[in-house]
Amino acid sequence: MGEVIVVTSGKGGVGKTTTTANVGTGLAKLDKKVVLIDTDIGLRNLDVVMGLENRIVYNLVDVIEGNCKIKQALIKDKRYPNLYLLPSAQTRDKSAVKPEEMKQLCDQLKGEFDYIIIDCPAGIEQGFENAVAGADRALVVTTPEVSAVRDADRIIGLLEAHEMKKTDLIVNRIRMDMVKTGDMMSSDDVVEILAVNLIGIVPDDEGIIVATNNGEPLVGNESKAGQAYMNICRRVTGEEVPFLDLAAKKGFFKRLFGKKK
Amino acid sequence: MAASVMIKGTKNGITLVLDENEEYDVLKEKVAKKFAESAKFLGNAKTALAFEGKKLSEEQKDEMIKIITDNTSLEIVCLLDNSDEADEKFAAALLKKAQEAQAVNSKIYKGNLRSGQSIESDNGIVVLGDVNPGASLISKGNIIVLGSLRGTAWAGVGGNANCFIVCSDMMPVQIRIADIIARSPDNPDRSGAKEMRIAYLENGQICISPLSKDIINSLVI
C-alpha cells in the first residue's frame, strides 16, 4: 500500500514545487514507484520544473471530471520509467476539484504506487484543503525567514487540525555564511519555534535555478543541494541518515578563488 | 399504396423521392406539406439535396428548393444527381462549404494570450499578438498567429486533417491537428531566425516548414 505525502508551506516561493520534484525524482532513483500530483490548478509549475510540459494531454481536472482514465493522464518521466506526473489544469481554478474527490483519487493511486507526492499550492484556502485531503503525511517546507516560519507555523496548526499522522520539516535555502555571522536563523532556531521533526536542511544553491530552467531536478548529483535532497528521500523511506555538514570548509583553491565573487 | 413523396436521410444529406406517375403540381403541394410537417425534426442544418424518381427540369428543381427552404429552416447548400458516388460528393461538398465558412467566420483576437487563457472556436482563429506557454488555441478550423506561438495550438478539432497552423514565430509547447499530437523537442534549437512557418498534416504526421508559395498553393481552404 502506497503512502501519500503532501508538500506544503503556506507561504509562496519557499520551494514546494522544487522540493516535490526533487523528492519525487530521488525516490524514483531509489527504485520506488512514484507519482507526483500538481494540485496548483490555474498556476501549474511542476510540469515545467520536471521538463514535461510538452507532453501534457489530459490533466487532474480531466481525471476528476471523468473525461479520461487516470492512466491516460499520467505522464511518464523522461529519465525514470517508474516516475509519473499527474499535471494540473491551467485554464481552470481551485474550485474545479473537491477534497473528497482528491481523497478518492489518492486512494485509487495507493494500490499502484509506493509514493504519491502532492504539490500543494500556496495559501490556506481550497487548494490547500484539496491537497491535504488524501494525505497520510506532510513535508512542511520553510526558509529561515520570519515570514516563512510564521506561515509554516500556521500550516502546521492546520495540519494538526486535519489530524495529519506525521509532519516533518524541511528548512530550505539556508546560507551557512549568513548563519555564522548571525544574519540568518539557523535550522535549530527554526525547529525551536516550530517544534516538529526536522527531516532535511537544503542549502541555497545556484544549481537549483539552472536545474529548474532546464527541467531536470538536481537530486542525487554531487552538489550540496543535490546530496541534501537525496538524504531527505532516504529519510522519507525510513532510513537513518546523518545530516550533512553544510559548514564544511571549502578546499584551499576554492577558498582562494571563491572570495573573489 | 406507397406515398408519392418521400424524404430519405442519407449520411450527408437529404434525398427527395418523387413518384414518377404523379403530376408535378400535385407533387409540389405534397412536398410543401411533407416538409412543413417535418420542419421541426429536420432542424436548421446545412445540407445537400438529391432528387430520385420523377425527372425534373432545372426550373422545377429550383422551385422545389424554394418550397423546402420556405417550409423549413434548412439551408440547401448544394444539389446533386443521385448517382453512385453521390454520398462521396455530398461529403466533399459539405466539407468544402464548412471549411469556407470556417475561414470566412474566423475569430480575430487582438492582444497577447497569456498563461491560463484560451480561445475556443468552431471556426478559424486569428491572433494578432503572442500566445504564451500555458495558453491554448482550440479551433475546428485553421489557426493563424501573427506573433510568437509559444503555447498550445489545436487545429481541426473534430478530425479535419486539412487544417493548418501558421505563425510568424513557431515555438509551441505542443501542436495538434485533427487527432495527431506533436510536442516540442526537449532541447529546442533557437539558432534559426524568426520566420513565417506552417504546420500541417502529411501522411499522418505533423510537418513544420517555412511558408513557401508551393505550400500555400497546396492548401485546402
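**View 1. The contact between chain A and chain B.** The contact draws 12 residues from chain B and 9 residues from chain A; two residues are in contact if their C-beta atoms, placed from the backbone, lie within 7 Å. On chain B, the side that touches chain A has 3 nonpolar, 7 polar and 2 charged residues. Here Ala, Val, Leu, Ile, Met, Phe, Trp, Tyr, Cys and Pro count as nonpolar, Asp, Glu, Lys and Arg as charged, and the others, Gly among them, as polar. This is a predicted model: local features need pLDDT of at least 70, side-chain atom pairs count only at pLDDT 80 or more, and totals for chains, interfaces and linings use all residues. Residues are numbered from 1 along each chain as its sequence is written, and chains are lettered from A and ligands numbered from 1 in the order in which they are written.

**View 2. The largest nonpolar core.** A:I116 and A:I118 touch the most other members of this 76-residue core. A nonpolar core is a set of buried Ala, Val, Leu, Ile, Met, Phe, Trp, Tyr and Cys residues joined through C-beta atoms within 7 Å. Buried means 20 or more other C-beta atoms within 10 Å of a residue's own, exposed 12 or fewer, and partly exposed in between. Helix α11 (residues 224-236) of chain A gives the most to the core, with 7 residues. Helices (H or I, at least four residues) and strands (E, at least two) are DSSP runs, numbered from the N terminus. Beyond four places in sequence, the contacts of A:I118 include A:V4, A:I37 and A:A135.

**View 3. A:N231 in helix α11 of chain A**. A:N231 is buried because it has 21 C-beta neighbours inside 10 Å. Leaving out residues up to four places away in sequence, A:N231 touches A:G200, A:V241 and A:L244. A:I199 is 32 residues from A:N231 in sequence, yet their C-alpha atoms are 8.8 Å apart.

**View 4. A:D31 in a loop of chain A.** The loop runs between α1 (16-29) and β2 (34-38). A:D31 is not a glycine, but its phi is positive, about 70°. Most residues other than glycine have a negative phi. A:D31 counts as exposed, as 10 other C-beta atoms lie within 10 Å.

**View 5. B:N203 in a loop of chain B.** B:N203 sits between β14 (197-202) and β15 (205-210). Its phi is positive too, near 50°. With 5 other C-beta atoms within 10 Å, B:N203 is exposed.
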